[in-house]
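Okay, thanks for coming, everyone.

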Amino acid sequence: MTTQDVIRIGAYMSVLTLMRLWELMQPRRPRTLSTLCRWGGNLTIVALNTVLARLLFAGGAFTVAAAAQERGWGLLHLVEGPVWLEAAIGILALDFIIYWQHRIFHVVPLFWRFHMMHHSDLDLDVTSGVRFHPMEIVLSLAVKVMAIMVVGASPIAVMIFEVVLNATSLFNHGNVLIPQHVERLLRWMVVTPDMHRIHHSMDVREMNSNYGFNVPWWDRVFGTYCPEPALGHLAMRIGLEHLGPSTCLNIFMMLRFPFSTSLKRYSRQSPI
């Protein structure tokens with residue numbers, strides 16, 4: 001296990017534990033499904049995705065960044081600048097690309113088929129942040145690898161980005177209560193749980209908003225920012241309307257979900 005693996009796993013487990021304790025002490029919404037059932041599916045799928053990513057991308061994004069740096073690939077290697085500035089630009093560039101990837105996954109029916117499984121969670125908590133279909137993980141890794149080679153993000157920038165992306169995904173899916181005056185300030189700098197929860201609304205217009213994971217600026221700049229759900233956070237319905245009654249998906253149901261569920265209208269409501 002490499003140093004960057006230790007850092008990533010340590011950060012992941014720390015944020016997961018802290019967010020879960022926060023959810024138990026100050027939940028934002030009452031849960032509607034069994035936590036044991038949901039966690040069984042969500043944590044099993046992330047374990048499978050971790051193994052799959054290791055098999056297909058043995059070195060991970062960090063190794064790709066190291067190879068790109070060694071060979072001088074990418075735009076950032078065409079200019080000279082302070083290490084900290086190049087790292088900051090690399091992190092922001094990768095986040096910008098992830099924002100557009102997310103939007104495209106909502107627009108293109110083939111990609112939406114796999115991303116839809118993430119939106120099938122009818123309760124949101126910290127484990128929703130790792131609930132992705134294996135095919136989406138493979139596609140996302142491919143996009144990330146290409147982005148690193150085009151941008152020329154340094155290995156340190158990629159490591160920071162990976163740690164922050166994992167941490168913010170756990171944070172902004174958390175079912176936690178943040179005082180409103182604090183939350184309003186926070187969402188200028190980071191995607192908060194209240195902001196991202198709107199993206200999981202059954203309302204198609206709300207679902208096709210607030211695509212950001214790390215920073216909220218891209219949504220504001222490109223007109224996809226939604227400040228509040230129409231029904232409020234407690235009355236807002238989460239999930240996919242056409243799925244019918246509340247269902248807790250196990251690992252087998254998750255894997256076949258893209259092939260057994262109708263796309264309906266969601267993937268055609270967010271023109272780029």
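Predicted model: local features only at pLDDT ≥ 70, side-chain atom pairs only at ≥ 80, totals over all residues.

So, the secondary structure here comes to 13 helices and zero strands. Helices are DSSP runs of H or I with at least four residues, strands are runs of E with at least two, and both are numbered from the N terminus.

Residues are numbered from 1 along each chain as its sequence is written, and side-chain values use heavy atoms, with hydrogens and water left out.

Now the overall build. The C-alpha trace spans about 55 × 40 × 40 Å along its principal axes.

How much of the protein counts as buried? That's 49% of the 272 residues. Buried means under 20% relative accessible area, exposed means over 50%, and partly exposed is in between, with a 1.4 Å probe and protein chains only. As for contacts, meaning heavy atoms within 4.5 Å, take those with a separation of 6 or more: 76% of them come from residues 24 or more positions apart.

On to the annotations. UniProt, in an unreviewed entry, puts "domain: Fatty acid hydroxylase" at residues 88–224. Keep in mind that UniProt positions are given in the numbering used here, feature names are shortened, and annotations may be inferred rather than shown by experiment. That stretch, 88–224, is 64% helix and 0% strand in the model, with its end C-alpha atoms 24 Å apart.

The unreviewed entry also lists "transmembrane region" at residues 43–69, 81–100 and 141–161. Residues 81–100 are 90% helix, and their end C-alpha atoms are 27 Å apart. Residues 141–161 are 86% helix, but there the ends lie 13 Å apart.

Last stop, His-77. Where does His-77 sit? In the loop between α3 (60–71) and α4 (83–107). His-77 counts as partly exposed because its relative accessibility is 26%. Leaving aside neighbours within four places in sequence, His-77 is in contact with Ala-68, Gln-69, Gly-72 and Gly-152. Thr-50, 27 residues away in sequence, is 30 Å from His-77, C-alpha to C-alpha.
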